[in-house]
Every structure is written in structure tokens, then in C-alpha cells.
Amino acid sequence: MNFRASFCDPFKPDIIEMGSIEKDKIVETFERIPWNKLLDEMKLKKENEIYYSPSLEIENRDNKNGLSVSAVDGNEWYIFYKRPKMVKWFFGLIEKMDNNYLTDIRGQTEKDVKTCLSALIINDLEFLESKIK
């Protein structure tokens with residue numbers, strides 16, 4: 001599988017494209033980001049000096065499934081799951097492919113984030129689909 005990563009630094013307007021990432025480096029990359037330091041620095045800034053919550057995005061380039069994890073505070077995380085999905089419109093009469101279908105789950109722990117990243121790495125899409133509705 002072929003993965004790419006990007007990072008949203010709260011103090012920079014442009015998303016930092018990290019490029020290709022080996023699957024065995026994904027969780028390590030997540031762990032090396034100074035999440036609490038970034039959150040603490042955000043408390044000292046004015047609202048107009050903050051562009052994003054600190055977030056890491058990992059995408060499987062082969063099947064276009066990806067996760068974005070965003071730190072809310074030192075204990076809470078949001079997890080966003082993006083994937084191609086057939087969606088129904090107009091009372092279920094029309095079906096259309098949404099290549100960027102997105103769902104999220106809030107109130108997650110660091111352990112939940114690592115579990116979801118691991119599921120993405122091993123391509124356990126069934127788990128991600130059931131967890132992040």
C-alpha cells in the first residue's frame with residue numbers, strides 16, 4: 001500500500017505536505033508530533049493567529065481512504081474518515097459516487113486514534129466504517 005501524509009500546523013496558513021510515508025512509520029509520526037505543546041501555544045495566541053487545530057492526515061493512495069486526526073485538548077481527539085462511497089440521493093432513488101465522503105467521530109482518546117490509524121494501515125475498512133459513522 002502507498003500512503004501519503006500531511007500536517008496542519010495551527011500557526012501556518014498552508015497545509016504541510018509531508019509526501020509519501022511508509023506504513024510502519026505512520027503511528028511513529030503521530031507520536032512524534034508535539035500535540036500538547038501546540039495546544040498550549042494556541043492558548044497564548046489571538047484567534048486570528050490560529051489557522052487550524054493541529055491535525056495529521058494519512059491517506060492510502062491506492063484506495064483513497066484516509067484519516068485526519070485532530071487534537072482538541074490534551075485528552076480529546078476528533079477523527080475524520082474520508083473515502084469513496086456510493087451515496088443515495090432524492091429519497092434513495094438516485095445513487096452517486098462521492099469520492100470524498102466524510103464522517104467524523106468526536107470525544108476520542110489517543111488510544112482510539114492509534115487503533116484507527118492501525119486499521120487504516122492494515123486496510124481494515126470495515127472497522128473504520130463501523131467506528132466512524
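The legends below describe views of a predicted model of one protein chain.

**View A. Overall fold of the protein chain.** The chain contains 4 helices and 6 strands. In sequence order these elements are arranged as β-β-α-α-β-β-β-β-α-α. The radius of gyration is 16 Å, close to the 14 Å that the globule rule gives for 133 residues, so the chain is as compact as a globular protein of that length. Along the principal axes, the C-alpha atoms occupy a box of roughly 50 × 35 × 25 Å.

View B. Buried positions make up 36% of the 133 residues. Side chains bearing charge number 21 positive and 24 negative; the centres of these two sets are 1 Å apart.

**View C. The largest nonpolar core.** This core comprises 28 residues. Those with the most contacts inside the core are Phe30, Trp35, Ile58, Leu67, Ile79, Leu128 and Ile132. At least two core residues are supplied by each of β1 (3-8), α1 (26-32), α2 (35-43), β3 (55-60), β4 (65-71), β5 (77-89) and α3 (110-121). Helix α3 provides the largest share, with 6 residues. For the chain as a whole, 53% of the contacts with a separation of 6 or more join residues 24 or more positions apart.

View D. Phenylalanine 30 is located in helix α1. Its relative accessibility is 1%, and phenylalanine 30 therefore counts as buried, the cut-off being under 20%. When residues up to four places away in sequence are set aside, phenylalanine 30 touches Trp35, Leu56, Val69, Trp77, Glu110, Val113, Lys114 and Leu117. Trp35, one of these partners, is also listed among the residues with the most contacts inside the largest nonpolar core. By C-alpha positions, phenylalanine 30 lies 34 Å from lysine 96, and the two are separated by 66 residues in sequence.

**View E. Surroundings of isoleucine 58.** Isoleucine 58 is another of the residues with the most contacts inside the largest nonpolar core. With neighbours within four places in sequence left out, the contacts of isoleucine 58 are Phe3, Arg4, Ala5, Ile26, Asn65, Gly66, Leu67, Leu117 and Leu120.

Definitions and conventions:
Residues numbered from 1 in each chain as written. Predicted model: local features only at pLDDT ≥ 70, side-chain atom pairs only at ≥ 80, totals over all residues. Heavy atoms only, no water. Rg over C-alpha atoms; globule rule 2.2 N^0.38 Å. Buried < 20%, exposed > 50% of the residue type's maximum accessible area, 1.4 Å probe, protein only. Contact = heavy atoms within 4.5 Å. Lys, Arg positive; Asp, Glu negative; His and termini not counted. Charge placed at Lys NZ, Arg CZ, Asp CG, Glu CD. Core = buried A, V, L, I, M, F, W, Y, C linked by side-chain atoms within 4.5 Å.
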